[in-house]
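User: I want to know what stands behind the labels given to this structure. Please set each value against its cut-off.

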Amino acid sequence: MPVYVQHEALGKVGDVFDAHAIWQAPGLALFARRPLLRDLLERTPREQRGRAAVRCFSHVTLMLPQEEVDDDRHLTRGARVRDLAQGLAALHQKDFGDLLQGDDVRYHVIGADRLAPGEVEVKFGHAVYLPAPDEAVQYTVSVSRDSAVWKTVCPIYPHQRLTLIGHDEHEATYAAPGWPFGAEGAVLLINDGPDAPLEVQVRPKDAFDCTWDAAAGYWTIKSRRGAADATGAALRLLLRATPSRPHAVSKAPATPAARPAVWKPRTVPDPELTAVPLAHVTAPAPAGAALDATYAPVQRRRVALAALALPRLSRYRETGAQVLEIGLNRAFVPSAQAADAVIGFTVDDQDALHAITPAGRERIAVPASFSPVDGARLDLAACAPALADRYCALLMLPQPPALPVAPGARFTFGRGAAMLAALRVLDSPRFLRNAAGTPPSSADRLGLSRDAFSFEAAPDGWLIARQSPTQALYHLDDNLAFVAAIDAATPEQPYRLPAGHHLVAGHYVLRFDA
């Protein structure tokens with residue numbers, strides 16, 4: 001693998017702000033005890049033909065002891081740092097002018113806490129680029145382990161062709177926060193300009209698998225050795241390049257990518273069947289005669305929890321509710337135990353949404369998608385305008401829990417009803433944090449009545465009746481689009497809900513299947 005980043009220590013220098021002392025040792029270089037910057041650039045050309053150098057590197061980052069850089073900023077407002085950069089650029093231009101081929105010579109001086117007084121390090125190479133003063137950022141690169149908490153790595157500029165991202169800044173252009181693969185390998189970003197897609201490769205090429213997820217807009221990088229973390233999950237890194245221009249789109253890499261997992265149209269599974277006797281009688285049976293009956297399958301209805309409606313807690317400030325926190329375990333089922341959650345979502349009394357993972361906490365906007373574990377996608381959908389004054393978002397559950405419902409009877413859903421109680425997954429005070437002095441209470445008390453509504457299976461769907469006059473009910477279609485608010489439904493005049501459509505009551509978006 002070629003050396004994309006040359007990182008060298010120059011050793012002790014009497015005056016770290018003396019350009020000549022950093023550039024070249026006095027006397028013959030042959031007798032110098034250590035190579036200085038000029039020697040390093042000469043020994044490592046950018047391009048050569050045979051043994052002759054035809055082009056040299058022109059962008060150099062210089063690292064000085066942090067304390068000395070701070071002193072210069074305090075005492076001279078950074079004048080010595082600027083003089084050092086200008087002096088080295090002049091020496092570079094003077095000694096290597098015939099090898100620049102029109103390239104600008106740029107030096108950047110920074111401080112490093114790890115350096116002792118008098119120590120100097122330099123960094124240059126194919127993947128080291130210093131932007132021009134007026135050059136705008138083309139991409140902002142960020143990484144994540146869980147698709148929820150993203151950490152910025154670096155900017156990429158229009159003329160910055162190569163960027164190497166790895167575990168530390170010694171062998172890469174930038175270090176990726178939370179790099180999970182140890183010291184092995186790196187990710188190479190190739191930028192051929194604003195008219196070409198950003199290309200992502202791995203180095204060495206057999207170290208990782210890199211696939212592009214077009215639906216999510218990021219690359220997924222996994223170790224080919226099958227390494228796993230403490231929980232048994234495969235080690236991976238998600239990498240995203242966000243264009244600075246709103247109309248610019250980060251395109252897929254040139255290599256074939258695995259087809260991303262996306263939401264698919266829901267298909268009704270094979271219905272659960274129960275047997276009821278249906279007598280086929282052609283004539284009145286004589287008394288005492290055995291009934292000749294056959295058993296025909298009858299579809300069994302069911303109700304599924306398709307999503308959780310995240311409430312606007314600002315509506316419930318008088319109750320003392322401050323934060324609603326919902327954690328999802330690996331099966332994407334809400335869990336009251338924070339240790340079991342792979343991702344969590346919170347809503348505070350200012351109606352701000354946050355995602356929480358082992359990597360940290362981050363403010364999120366709606367709509368959004370997350371992939372905290374491989375092979376699953378979690379969507380946070382925006383609410384229809386008719387629901388927006390009551391709810392912040394709809395948290396879609398990839399594996400909706402469901403319960404069967406026997407036909408021919410009317411049931412009640414609510415805090416005080418046993419029917420479908422297993423689907424009221426937030427019926428616990430552990431999900432709701434109240435203000436000091438306020439007694440703990442179930443999260444279901446926010447927006448769900450004791451007897452919210454009744455439902456009954458009908459031949460052409462479901463019959464819905466509102467039981468509490470204060471209970472808000474909303475009808476959503478099979479694609480979760482708003483249909484109507486259910487206000488006037490009564491047991492005498494119920495509201496007809498088509499099979500496969502949804503009903504929103506409290507925190508719950510229930511799908512009524514045939």
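User: Why is Phe57 called buried?

Analyst: Phe57 has 4% relative accessibility. Buried means under 20% relative accessible area, exposed over 50%, partly exposed in between (1.4 Å probe, protein chains only). So Phe57 counts as buried. Phe124, at 0%, counts as buried too. This is a predicted model: local features need pLDDT of at least 70, side-chain atom pairs count only at pLDDT 80 or more, while totals for chains, interfaces and linings use all residues. Residues are numbered from 1 along each chain as its sequence is written, and side-chain values use heavy atoms, without hydrogens and water.

User: What makes Phe57 and Phe124 an aromatic pair, and why is the pair called tilted?

Analyst: Their centres are 5.8 Å apart, with 50° between the planes. Rings of Phe, Tyr and Trp (its six-membered ring) pair if their centres lie within 6.5 Å; planes under 30 degrees apart count as stacked, over 60 as edge-to-face and the rest as tilted. So this pair is tilted.

User: Which other pair is tilted?

Analyst: One is Phe413 with Phe453, at 5.4 Å centre to centre and 40° between the planes. Phe413 lies in strand 28 and Phe453 in strand 30, so the pair ties together parts that are 40 residues apart in sequence. Both Phe413 and Phe453 are buried, at 0%.

User: How do you know that Arg240 lies over the face of Trp150?

Analyst: Arg240 is 4.0 Å from the ring centre. A charge sits over a ring if NZ of Lys or CZ of Arg is within 6 Å of the ring centre and within 35 degrees of the ring normal. Arg301 lies over the face of Trp462, at 5.5 Å.

Key
Helices (H or I, at least four residues) and strands (E, at least two) are DSSP runs, numbered from the N terminus.
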